Amino acid sequence: MNDQRIACLLPSATEIVAELGLADRIVAITHECDYPPAITNRARLTTSVLDGRDLSPRQIDQELAAAAERGDSIYNLDLDRLSDARPTHVVTQELCDVCAVSYSQVQRAVFDLVGPDGLVSLQAGDLDGICHDIRTTGDALARPEAAGQVVRDFNQRLDMVRSTVPDAPRPRVLALEWFDPPWIGGHWVPQLIEIAGGTDVIGMASKPSIRVTWDQLAATEPQVIVAMPCGYNLDRTERELVDALAGPLGELARAHHAQVWAVDANSYFSRPGPRVAQGAEILAAILHPDHCDKPPADRARQVAT
């Protein structure tokens, strides 16, 4: 189907479509899509009300909460540019209005453009869901065999991590998805921690990320704290983490002599796509340095408390 023209409305969709061997069919992407590098010159369909504003984590959380209370989206979809891209397929998501343009907004905007068969909606809430989304995308884009291979490679990579740390002690791990206020990682993150040989002290697999209090976190007694704020790359995570350690997070880490790590959440933890398997590898390297090679410095860095 060489006439396919694919618009991707979230970064993980772009990554999945490219992994299926269809990067050359992608005609439009979001303002956040940055992988693989070959697609970064495509038309950008979205903007965010947060763009260009130097906001602290607390201010970003307040902006998101206010938008949710008003029933507004923080994302703007350029319908004229979408129409100009002439997509045959639009790949979007139903899981989280904070992560991408809301499904209801997309559904209203593109139904007449591509029809029901051209709208592909992803909704992964855990590792099985990621595999399901890859297969769903492959089926919709006439690449089921390629999707099957991507899923097999994904699961084999996870199995390799499991086999690396089978009998090692399991450190108590706190995965922080936001600093101020604190949110803990849910969905596939607790599964990654378990695969990597750790015990998630508060997050629940296949459940959404939730806001918690510092008192709640104090009771978890973590041995390792992994900062993976949604939407941040490694450099920004490290900068924000240094500031956060001057407050309650630093008190928590010092009280339990916990190691503190910053990771590239954008690439390996926040986006439900194939690279999540590399997130398990990063965690295993953090948790079990005697069994695994040190994590690459462009993926994870330990931060002094």
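**View 1. Contacts across the chain.** Among contacts in the protein chain between residues at least 6 apart in sequence, 68% join residues at least 24 apart. The model shown here is predicted. One such stretch of sequence separates serine 267 from arginine 299: they are 32 residues apart along the chain. Their C-alpha atoms are separated by 8.5 Å.

**View 2. Serine 267 in its helix.** Serine 267 sits in helix H11. This helix covers residues 265–268. Is serine 267 buried or exposed? Serine 267 has a relative accessible area of 14%, so the residue counts as buried. The cut-off for buried is under 20%.

**View 3. Helices and strands.** How many helices and strands does the protein chain have? There are twelve helices and 14 strands. Helix H11, the place of serine 267, is one of the helices.

**View 4. Overall dimensions.** The C-alpha trace spans about 55 × 45 × 30 Å along its principal axes. The chain has 305 residues, and a compact globule with that number would have a radius of gyration near 19 Å. The protein chain has 19 Å, so the value agrees with that of a compact globule.

**View 5. Inside and surface.** Of the 305 residues, 54% count as buried. The accessible surface of the protein chain comes to about 13,900 Å². Carbon and sulfur atoms account for 46% of that surface.

**View 6. Charged side chains.** The protein chain carries 27 positive and 43 negative side chains. How far apart do the centres of the two sets lie? They lie 3 Å apart.

Methods: Residues are numbered from 1 along each chain as its sequence is written. This is a predicted model: local features need pLDDT of at least 70, side-chain atom pairs count only at pLDDT 80 or more; totals for chains, interfaces and linings use all residues. Side-chain values use heavy atoms; hydrogens and water are left out. Helices (H or I, at least four residues) and strands (E, at least two) are DSSP runs, numbered from the N terminus. The radius of gyration is taken over C-alpha atoms; the globule rule is 2.2 Å times the number of residues to the power 0.38. Buried means under 20% relative accessible area, exposed over 50%, partly exposed in between (1.4 Å probe, protein chains only). Contact means heavy atoms within 4.5 Å. Accessible areas come from the Shrake-Rupley method with a 1.4 Å probe; for residues, only the protein chains shown count as cover. Lys and Arg count as positive and Asp and Glu as negative; His and the chain ends are not counted. The place of a charge is taken as NZ of Lys, CZ of Arg, CG of Asp or CD of Glu.
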